[in-house]
Amino acid sequence: MLEQAIDCVVTSARDARPLHPLRPAELAQWLERLAEPQGRYLADLGFAAKPGELQFLPDATGIAGAVYGVGDDRSPLAFGDLAYRLPAGTTWQLQPGDYDAGSAMLGFCLGAYRYTSLKQAERAPARLVAPPDVAPSLSQARAIWMGRDLINTPANLLGPVELADFAIALGQRYGAATHLAAGDALATAYPAVAAVGAGSARPPRVATLRWRGSGAHADSPLVSLCGKGVCFDTGGYDLKPSAAMLRMKKDMGGAASVLALARMIMEADLPLRLAVRVGCVENSVSGTAMRPLDVIRTRAGLTVEVGNTDAEGRLVLCDLLAEAAEEQPVVIIDCATLTGAARTALGPDLPALFCNDETWAASVLAAGDACHDPLWRLPLWRGYDPWLSSSVANMNNVSTKPFAGSIVAALFLHRFIPTGTSWVHIDLYAWNDQSQSGRPEGGEVQAARSMLQAIIQRTTSEN
């Protein structure tokens, strides 16, 4: 999974056929330059350059080229279904037009992805010749393929140990200092993580990476990333129904998105310091599993009454956030498949953004819009904070009220963020329920591209 060879991209234009992306406003002028028989052919077909409209240009030898309508769509996803609509194994070269080549390459690659570790792909994708200066897009595509592979891997093949080992290997690939916490050391440093993982025969792990860009120095901005890596979530004693448990291999989607973002940062060699923490556990049922109304301790010293064992992700994150805050980073960013309430509110495609810093919130939202990787902000509504009260501990991990689940979860995490520390919390789905352009069914990395752009903007301005 580390190598991520993007087999749908080639560097040689040999035997490549021309691919013309067109917008409706360009069509008339472009048709005037086209050979008359081909122009008449497209006119007879009624080609109008509508989004996703693909027509092949014939000649005496077969397919001479293709024309592809992108409508008014400026996102990478405008090019997301081409890899499997163009003939298998053929090579194509983008022709000049009103589009961004990097965005087109990214969308093409995102749509070409298939999870092939356990089953051979039904057909080969078409290939696209890489234009100049698209290395950043290919880097992002590799990182997203990596994250998708992690999410799609069955839980019997990717448990806490395997996920943590992968995170360590990723860090070592880019020269990061790494640390793996296990056993008694983990129980001491991350007691809440240990409590969540206690019910599984597969022991919990916390993987930590520390990296510094080649242009960074000891005082460069420190960005801290935290990811929820619940490799499978049964719900614990508050057992999920089978339908809700079916896709719980994806409950480490926050960790996958954080690792994809970390890879983008390290591959881009950004001039900053980076810390990454991934809490890797399985939430299972056994005689050693945490029980409803147990009280557990956290790294921050706060006690938590377990009102629901299925609200385990916030328990994993709270220890990671507390440790991250000790290093006084410029921002802490966490990603987690945390609540069904966020999906009820925003659906699967819009991750929920919670933030205690208006400048960071504005940067993240603007970056999401600019790179077509959107988020939607929900409030840290302090009026709901008392809902987490407990009569026996500093707090409960859930509210007894059936409202505002994602807000309550964010408020729980917020208690582990010291005053004055900028914090971004992303509650995401990490899954495509059905295939769409650029988004094949299965695991999905969300918010990584938007966070990358926000980090570049904010840390560059602070340097």
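This is a predicted model: local features need pLDDT of at least 70, side-chain atom pairs count only at pLDDT 80 or more; totals for chains, interfaces and linings use all residues.
Let's start with the rings. The structure holds six aromatic pairs. Two of them are set out here, with their geometry:

| Pair | Type | Centre to centre | Angle between planes |
|---|---|---|---|
| Phe79 and Tyr99 | tilted | 5.7 Å | 50° |
| Tyr113 and Trp145 | edge-to-face | 5.6 Å | 70° |

Phe79 sits in the loop between β4 (62-69) and β5 (91-94), and Tyr99 in the loop between β5 and α3 (101-112), so their pairing ties together parts 20 residues apart in sequence. Phe79 counts as buried at 4% relative accessibility, and so does Tyr99 at 17%.

Tyr113 is buried at 4% relative accessibility, and Trp145 is buried at 6%.

Arg299 puts its charged end over the ring of Tyr190, 5.7 Å from the centre, while Arg458 lies over the face of Trp360, 5.4 Å from the ring centre.

Back in helix α4 (residues 135-152) there's Leu150, buried with a relative accessible area of 0%. Beyond neighbours within four places in sequence, Leu150 is in contact with Met1, Leu158, Leu163, Phe166, Met252, Ala256 and Leu259.

And the surface? Tyr237, Leu239 and Val285 make a nonpolar patch of about 270 Å². Tyr237 lies in the loop between β9 (222-233) and α8 (242-245) and is partly exposed, at 39% relative accessibility.

Methods: Residues are numbered from 1 along each chain as its sequence is written. Side-chain values use heavy atoms; hydrogens and water are left out. Helices (H or I, at least four residues) and strands (E, at least two) are DSSP runs, numbered from the N terminus. Buried means under 20% relative accessible area, exposed over 50%, partly exposed in between (1.4 Å probe, protein chains only). Contact means heavy atoms within 4.5 Å. Patches are made of residues with over 30% relative accessible area and no salt bridge: like charges are joined within 9 Å, nonpolar side chains (Val, Leu, Ile, Met, Phe, Trp, Tyr) within 5 Å. Accessible areas come from the Shrake-Rupley method with a 1.4 Å probe; for residues, only the protein chains shown count as cover. A salt bridge is a side-chain nitrogen of Lys or Arg within 4 Å of a carboxyl oxygen of Asp or Glu. Rings of Phe, Tyr and Trp (its six-membered ring) pair if their centres lie within 6.5 Å; planes under 30 degrees apart count as stacked, over 60 as edge-to-face and the rest as tilted. A charge sits over a ring if NZ of Lys or CZ of Arg is within 6 Å of the ring centre and within 35 degrees of the ring normal.
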